[in-house]
Amino acid sequence: MRVPLIAGNWKMYKTIAEAVEFVVRLKPLVTAADHCEVVVAPPFTALRAVADAAKGTNIAVAAQDMHWDKEGAHTGDISAAMIAETGATHVIIGHSERRQDHAETDEQVNRKIKAALTTGLTPIVCVGETLVEREAARMEEVLRRQFQGGFAGLTPPEFSRIIIAYEPVWAIGTGRTATPEMAAESHRFLRGLVRQSLGETLAAQVRILYGGSVKPDNIRGLMAQDGIDGALVGGASLKPDSFAAIVNYLRS
Ligand code: PGA
């Protein structure tokens with residue numbers, strides 16, 4: 001069935017030296033974790049060093065964003081092939097901070113997903129509503145729009161390689177976690193969208209992570225929910241101890 005996945009999104013934190021030190025300290029804390037996949041997402045500058053430090057371990061590496069073109073005049077951007085060359089195997093796409101700070105659209109998310117898949121990277125695709133949207137009871141409409149736009153035109157084999165992260169924007173970095181029940185409700189809705197457009201098999205297979213103020217003390221409740229297949233962790237992923245406690249949620 002669905003293997004849980006715990007991913008740490010470091011955002012714009014950690015120099016190369018700090019990132020490598022993190023991996024050195026994390027390794028022994030998660031070597032026994034065979035119940036889930038473990039991923040860390042350092043900034044671009046540290047990808048290669050972290051991938052080297054994590055070689056031969058159960059820690060996989062993700063980039064936090066990418067450009068959809070193979071190459072070109074895109075100052076400051078990084079292509080999927082450049083990411084893959086570092087040893088990273090995953091890439092976060094459509095994080096709400098990219099959507100907000102860089103006006104990223106569902107159409108761009110869609111192009112990035114396709115380019116990531118072509119290059120052999122596993123996309124972790126973020127969706128989620130803002131507080132205003134939730135309070136206006138527009139959550140389902142927003143998730144449907146992001147889903148239909150972001151995943152447009154994907155074949156079933158392509159979609160089968162994607163991981164979805166449900167991250168309500170109002171819960172990111174705010175300390176306001178969605179309750180396990182609220183998160184599970186959104187996960188059910190998203191899985192329903194997969195069922196409607198791609199069928200029951202893919203709906204049962206797709207992993208949907210929860211993200212937004214996940215901490216060592218709330219991961220267990222979240223993971224106890226049926227449709228929650230892991231977590232995308234920001235702030236609490238920056239320290240090896242707290243990230244390891246989240247990875248080892250079964251023992252917490
Ligand atoms: P947070 O961030 O855990 O700090 O809320 C989650 C994310 O943005 O992926």
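**Note on helix packing, cores and selected residues**

1. V3 is partly exposed, with a relative accessible area of 36%, where buried means under 20% relative accessible area, exposed over 50% and partly exposed in between, for a 1.4 Å probe and protein chains only. The model is a predicted one, in which local features need pLDDT of at least 70 and side-chain atom pairs count only at pLDDT 80 or more, while totals for chains, interfaces and linings use all residues. Residues are numbered from 1 along each chain as its sequence is written, and side-chain values use heavy atoms, with hydrogens and water left out.

2. V3 sits in the segment before β1; helices (H or I, at least four residues) and strands (E, at least two) are DSSP runs numbered from the N terminus. Once its neighbours within four places in sequence are set aside, V3 is in contact with H35, C36, E37, R207 and D229, contact meaning heavy atoms within 4.5 Å. The C-alpha atoms of V3 and H102 are separated by 32 Å, and these two residues are 99 residues apart along the chain.

3. The axes of α1 (16-30) and helix α2 (residues 47-54) come within 9 Å and cross at roughly 20°, the axes being lines fitted to C-alpha atoms, for helices over the stretch in contact, and the angles running from 0 to 180 degrees between N-to-C directions. The two helices, α1 and α2, are therefore roughly parallel to each other, since angles under 35 degrees count as roughly parallel, over 145 as roughly antiparallel, 65 to 115 as roughly perpendicular and the rest as oblique. The crossing of α1 and α2 is right-handed; a crossing is right-handed if the near helix is turned clockwise from the far one by less than a right angle, and left-handed if anticlockwise. On the α1 side I16, A19, V20, V23 and K27 meet A49, V50, A53 and A54 in α2, and the residues of this contact of α1 with α2 divide into eight nonpolar, no polar and one charged. In this classification Ala, Val, Leu, Ile, Met, Phe, Trp, Tyr, Cys and Pro count as nonpolar, Asp, Glu, Lys and Arg as charged, and the others, Gly among them, as polar.

4. What is the angle at which the axes of α1 and α12 cross? They cross at roughly 30° and come within 9 Å, with α1 passing α12 in a right-handed crossing. F22, R25, L26, L29 and V30 of α1 make the contact with P240, D241, F243, A244 and V247 of α12, and the residues of the contact of α1 with α12 divide into eight nonpolar, no polar and two charged.

5. Helix α12 (residues 240-247) is mostly covered, in that six of its eight residues are buried. The buried residues in α12 are P240, S242, F243, A244, I246 and V247, and the buried residues of α12 pack against β1 (5-9), α1 (16-30), β2 (37-41), α11 (219-223) and β8 (230-233).

6. A further pair is helix α5 (residues 106-119) and helix α7 (residues 139-150), which pack at an angle of about 45° with their axes 7 Å apart. The helices α5 and α7 are therefore oblique to each other, and α5 passes α7 in a right-handed crossing. Here D106, V109, N110 and I113 in α5 meet R145, Q146, G149 and G150 in α7, and the residues of the contact of α5 with α7 divide into two nonpolar, four polar and two charged.

7. The largest nonpolar core has 71 residues, of which I6, I113, F151, F159, I162, I164 and Y210 touch the most other members; a nonpolar core is a set of buried Ala, Val, Leu, Ile, Met, Phe, Trp, Tyr and Cys residues joined through side-chain atoms within 4.5 Å. A second, separate core of 12 residues includes L5, V39, A41 and A62. Leaving aside its neighbours within four places in sequence, I162 is in contact with I113, L117, P123, V125, F151, L154 and V206.

8. Two backbone values may deserve a check. K14, which lies in the loop between β1 and α1, has a phi near 90°, a positive value in a residue other than glycine. S213, found in the loop between β7 (207-211) and α11, has a positive phi of about 55° although it is not a glycine, and S213 is buried, with a relative accessible area of 9%.
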